[in-house]
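Welcome! Keep the 3D view open and find each part as you read.

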Amino acid sequence: MKLATIRIDGTTRAVRIDGDTAVDLGESDLVDFLRSPDWSTAAANADGDRYEGPLDYAPLVVRPEKVVCVGLNYRNHILEMGRELPRYPTLFSKYARALVGAYDEVVLPATATQMDWEAELAVVIGTEVRHADPERARAAIAGYTVLNDVTARDWQFRTPQWHQGKTFEDTTPVGPWLVTADDPAVAAGGLGLACEVDGDTVQKADTGDLVFDPATLVAYVSEIVTLVPGDVIATGTPGGVGHARKPARYLHDGSVLVTRIEGLGECRNTCRREVR
């Protein structure tokens, strides 16, 4: 199944996507819906109001309690940089206000000059989980979506801590929908991931190359804090980011950023410089 949050008449609704039609799930957004008991069965059986396309996709999760991100998690990228594979995941976080919809504009902050792309597979939690083993962690995953961790490099590297460059408002597209973990489109494992900037393919990888796979990440984070329905874990980006290029390349006003994952769809966002 594909589940999403769409904008309708100035508000948002959680929906199941059936082709060009959205079926109302009875909640205002996907986070609230995933908190419902037996949400998967409820989604499959939903027969609420129907909305015909084109659909206006809100951020997939409008008010998640947590957005946890992972750095340095693609094996080939780490090895090509001459680094050893990490023993533990590198974690940082985002605030909910960083998130935008799959086709919304990405805001380039007025105070940042080095805005970079990072295409990522994202995991959405569907069941509260704490101190999980890999089996329970896997069962807690509602499904997967597309995310781009657009980053202000000049702010990120002001200090050894990355957070300040990672969570500027309206910079992180996520969506357009959640593909549930039982869907054949994602059951096979490794999925092709790509990022395009103004028509140029700048990143290309396979999610099977992750050092720490989704279930391992869910288990690890659950040792630190309880994960709840609607929480997001962004699993890291492969090589090809603009900051590492010679010369460096960054997003600019008018850049078209496309983030695509096989079986999950794509985000397509135009970048706009913040006007104060």
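Contact here means that heavy atoms lie within 4.5 Å. With that in mind, the buried residues of helix H7 pack against strand S5 (67-71), S6, strand S10 (119-125), helix H4 (134-139), strand S11 (141-148) and strand S16 (232-234). Please remember that this is a predicted model.

- Helix H7 covers residues 214-224, and its buried residues are Pro 214, Ala 215, Leu 217, Val 218, Ala 219, Val 221 and Ser 222.
- An α-helix has 3.6 residues a turn, so residues three or four places apart point the same way.
- Which residues make a nonpolar surface patch of about 220 Å²? They are Leu 91, Ile 224 and Val 225.
- Leu 91 belongs to strand S6, which spans residues 90-94.
- Leu 91 counts as partly exposed because its relative accessibility is 32%, and partly exposed covers the range between under 20% (buried) and over 50% (exposed).

**The open sheet**

- Look for an open sheet of 5 strands with mixed pairing, in the order S8-S18-S17-S14-S15.
- At its edges are strand S8 (106-108) and strand S15 (200-206), each of which pairs on one side only.
- From one strand to the next, the twist averages 20°.
- S8 runs parallel to strand S18 (residues 265-273), and 3 bridges join them.
- In this pairing, you can find Leu 108 opposite Arg 273 in S18.

**Arg 272**

- Arg 272 also sits in strand S18.
- Is Arg 272 buried or partly exposed? Its relative accessible area is 35%, so Arg 272 is partly exposed.
- Beyond its neighbours within four places in sequence, Arg 272 is in contact with Glu 105, Val 106, Val 107, Leu 108, Asp 253 and Gly 254.
- Between Arg 272 and Leu 178 there are 26 Å in space, C-alpha to C-alpha, and the two are 94 residues apart in sequence.

**Strand S1 and its partners**

- Why is strand S1 (residues 2-8) described as largely enclosed by the rest of the structure? The reason is that 5 of its 7 residues are buried.
- S1 pairs with strand S13 (residues 172-180) in the antiparallel sense over 2 bridges, and Leu 3 stands opposite Leu 178 in S13.
- S1 is also antiparallel to strand S2 (residues 11-18), joined by 6 bridges, with Ile 6 opposite Arg 13 in S2.
- The hairpin of S1 and S2 has 2 residues between the strands, and there Asp 9 takes a positive phi near 50°.

Methods
Residues are numbered from 1 along each chain as its sequence is written. This is a predicted model: local features need pLDDT of at least 70, side-chain atom pairs count only at pLDDT 80 or more; totals for chains, interfaces and linings use all residues. Side-chain values use heavy atoms; hydrogens and water are left out. Two strands pair if DSSP finds at least two bridges between them. Helices (H or I, at least four residues) and strands (E, at least two) are DSSP runs, numbered from the N terminus. Axes are lines fitted to C-alpha atoms, for helices over the stretch in contact, and angles run from 0 to 180 degrees between N-to-C directions. Patches are made of residues with over 30% relative accessible area and no salt bridge: like charges are joined within 9 Å, nonpolar side chains (Val, Leu, Ile, Met, Phe, Trp, Tyr) within 5 Å. Accessible areas come from the Shrake-Rupley method with a 1.4 Å probe; for residues, only the protein chains shown count as cover. A salt bridge is a side-chain nitrogen of Lys or Arg within 4 Å of a carboxyl oxygen of Asp or Glu. Buried means under 20% relative accessible area, exposed over 50%, partly exposed in between (1.4 Å probe, protein chains only).
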